[in-house]
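Open the model in your viewer and keep the selection panel at hand. The stops below go chain by chain.

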Amino acid sequence: MRLWILIVAAVILSSISLFLGATNITPTDLLDFSSDEAEIFYISRIPRLVAIILAGMGMSIAGLIMQSLSRNKFVSPTTAGTLDAAKLGILISMLFFAGASYTQQIIFSFAFALIGTLVFMQILNRIKFKDAIFIPLIGIMYGNILSSITVFFAYENDLLQNIDAWLMGDFSLIIKGRYELLYVSIPVLIIAYIYANRFTVAGMGEDFAKNLGVRYKFVLNLGLVLVALISTTVVLTVGVIPFLGLIVPNLVSIFKGDNLAKTLPHTAVLGVVFLLACDIIGRVIIYPYEIPINLTVGVIGSAIFLIMLFRGRAYAK
Amino acid sequence: MIQVKELSKFFGKKAVVDNVSVTIETGKITSFIGPNGAGKSTLLSMVSRLLNADTGEVLLDTNDIRRIKSDDFAKRVSILKQSNFMNVRLTIRELVSFGRYPYSKGRLSEEDIKFVDQALDYMNLTDMQDQFLDELSGGQRQRAFIAMVIAQDTDYVLLDEPLNNLDMKHSVQIMKILRKLVDELGKTVIIVLHDINFASVYSDRIVALKDGRVIKEGPTNDIINSDALKQIYDMDIPVQEQNGCRICVYFNSH
């Protein structure tokens, strides 16, 4: 798995993504800035591409950090309640502050995602039976509990449709002015890269980290903050994208191992390639209409996940 | 020199380590032995700062170890603990390189790379340095971790039951390496051992613990005799001399 091949694939898929859609746009249209085609290109196509790239990188790296810190290959924002906690946060902000501003939603969603993940890590600490499959099952159950609380209060307060909108990861609604929050993931990714070695060391366990003079608790908490930040921004702009943070880091790990300093770039770019491919498939299959991204990623992702489960038990033990 | 002074650790009300004072001599192998639950591992964890003591102190030379910066401490004292779920996919070389983390923070200098190469060479791992840890046998993995500690280049090397899950051949191999670390590289090794005969054959000094207290302490030959062993293990253990080694024949004792 060479980095440059992944980058070339990402570039090719990006250009397909830019020129694919109900309105036929050719590169020459773009020369005329006042044309409708150019406008669509700048208001819709480019933001969509940027959103896919940032979300793809972000969710994959978030998954990678979580798998390293929890020392479990199957833990990710989807299987540890992070995304469900973020949704609950948005709901609470809407319930308690009538017409909550975007900023309030962000703060609440972030706080809940962080606390939700911390609680999961605490549960993890107390479980003696650390089976590779058992842990994410606990995480999924925990996420479903959070989710059911969200749905209950949303139902009571006639907010169910809003909830559905976040449940549904969808890039078709991304236009200029509605995705910029995702840029938060850029500094987050830079910090993740700077701390890559410390995450790897922390992933070898507390005793191992302490032996090398690494402040384990600090690195752990930093990692969880980064994960919560990425998850929040993605849920608020795109919605839930399942499996991404689970599959991509695992595919890279099989080939390249778990040294984050080495695998982080691969993971980020493969995340982009995977998400772009799923998005393009979703846009082609019932052209000119499209299938939301969480459906395509869900179907393709769960298939890959199952293959990994059956073939990879030995690898993930 | 490491001096342990009146060290205690309580889990709940029970003192797991109870007012222990011990001096570790440099340039020697010191083994901690004793029955299960004697507090050997807990003591080792406190000496290596993995656990905080409830009372008492540990002095490295003349400094209280709690006052030493974690970077500096990691350059003086290393600890290997047995970890049951090591499923991280690192290559041997990557693992050994992390031994240089206290010095390099992950950006290896020329000098760091030299240390890593030497450590791999010393442990005969150069040929297999690009293999992943999860593809190795228990003995190879243990050697990789010891190579990491060698690269870490600390004066003191602490090991918690390094022979666990190893067969006889690999156990002997690991103990010979530890002996070499002391005799050739001048390290000080402190080791928690279950097998009393490995302690007898390879260590210079033995600290025997029981119920959280030091019950016997001294040069190996002062400890490996039937009288002392009776006090430590409550067993009548005949000791036989074989090629200059004292072997405890405990298998049919009572």
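How many helices and strands are there in chain B? Select chain B and colour by secondary structure: there are 10 helices and 12 strands. Helices (H or I, at least four residues) and strands (E, at least two) are DSSP runs, numbered from the N terminus.

Before going on, note that this is a predicted model, in which local features need pLDDT of at least 70, side-chain atom pairs count only at pLDDT 80 or more, and totals for chains, interfaces and linings use all residues. Residues are numbered from 1 along each chain as its sequence is written, while chains are lettered from A and ligands numbered from 1 in the order in which they are written.

**Chain B as a whole**

Show the C-alpha trace of chain B, which spans about 55 × 40 × 30 Å along its principal axes. The radius of gyration of chain B is 18 Å, which agrees with the value near 18 Å for a compact globule of 254 residues. That radius is taken over C-alpha atoms, and the globule rule is 2.2 Å times the number of residues to the power 0.38.

Of the 254 residues of chain B, 41% are buried. Buried means that 20 or more other C-beta atoms lie within 10 Å of the residue's own, exposed means 12 or fewer, and partly exposed is in between, with C-beta atoms placed from the backbone. Among contacts in chain B with a separation of 6 or more, 64% are between residues 24 or more positions apart. Two residues are in contact if their C-beta atoms, placed from the backbone, lie within 7 Å.

**The open sheet**

Next select strands S1, S2, S4 and S5 of chain B. These four strands form an open antiparallel sheet in the order S2-S1-S4-S5. Strands pair if DSSP finds at least two bridges between them. S2(B) (14-24) and S5(B) (63-64) are at the edges with a single partner strand each, so one side of each has no neighbour in the sheet.

Zoom in on S1(B) (residues 2-11) and S4(B) (residues 55-60), which run antiparallel and are joined by five bridges. Strands of a sheet pair through backbone hydrogen bonds, either parallel or antiparallel.

Move to residues 239-242 and 245-248 of chain B, strands S11 and S12, which pair in the antiparallel sense over four bridges. Glu241(B) is opposite Arg246(B) in S12(B). The two strands form a hairpin with two residues between them, and in its turn Asn243(B) has a positive phi of about 50°. Most residues other than glycine have a negative phi, and most peptide bonds are trans.

Select Asp234(B) next, another residue that is not a glycine and has a positive phi, about 55°. Asp234(B) is in the loop between helix H10 (226-233) and S11 of chain B. It counts as exposed, with 10 C-beta neighbours inside 10 Å.

Then go to Glu161(B), where phi is positive and near 45°. This residue is in the loop between strand S7 (156-160) and helix H7 (168-183) of chain B. Glu161(B) is partly exposed, with 19 other C-beta atoms within 10 Å.

**Where the chains touch**

Display both chains: 22 residues of chain B are in contact with 19 residues of chain A. On the chain B side, the elements that give two or more residues are H2 (70-76), S6 (77-80), H3 (92-98) and H4 (101-104). H2(B) gives the most, four residues.

**Chain A**

Now hide chain B. Chain A has 14 helices and zero strands. Its radius of gyration is 20 Å, close to the 20 Å that the globule rule gives for 317 residues, so chain A is as compact as a globular protein of that length. Buried residues are 50% of the 317 in chain A.

The average for chain A is 88, and 97% of the residues score at least 70.

Finish at the peptide bond from Tyr287(A) to Pro288(A), which is cis, with omega near 5°. Pro288(A) is in the loop between H12 and H13 (293-311) of chain A.

Conventions:
pLDDT is the predictor's confidence in each residue, from 0 to 100.
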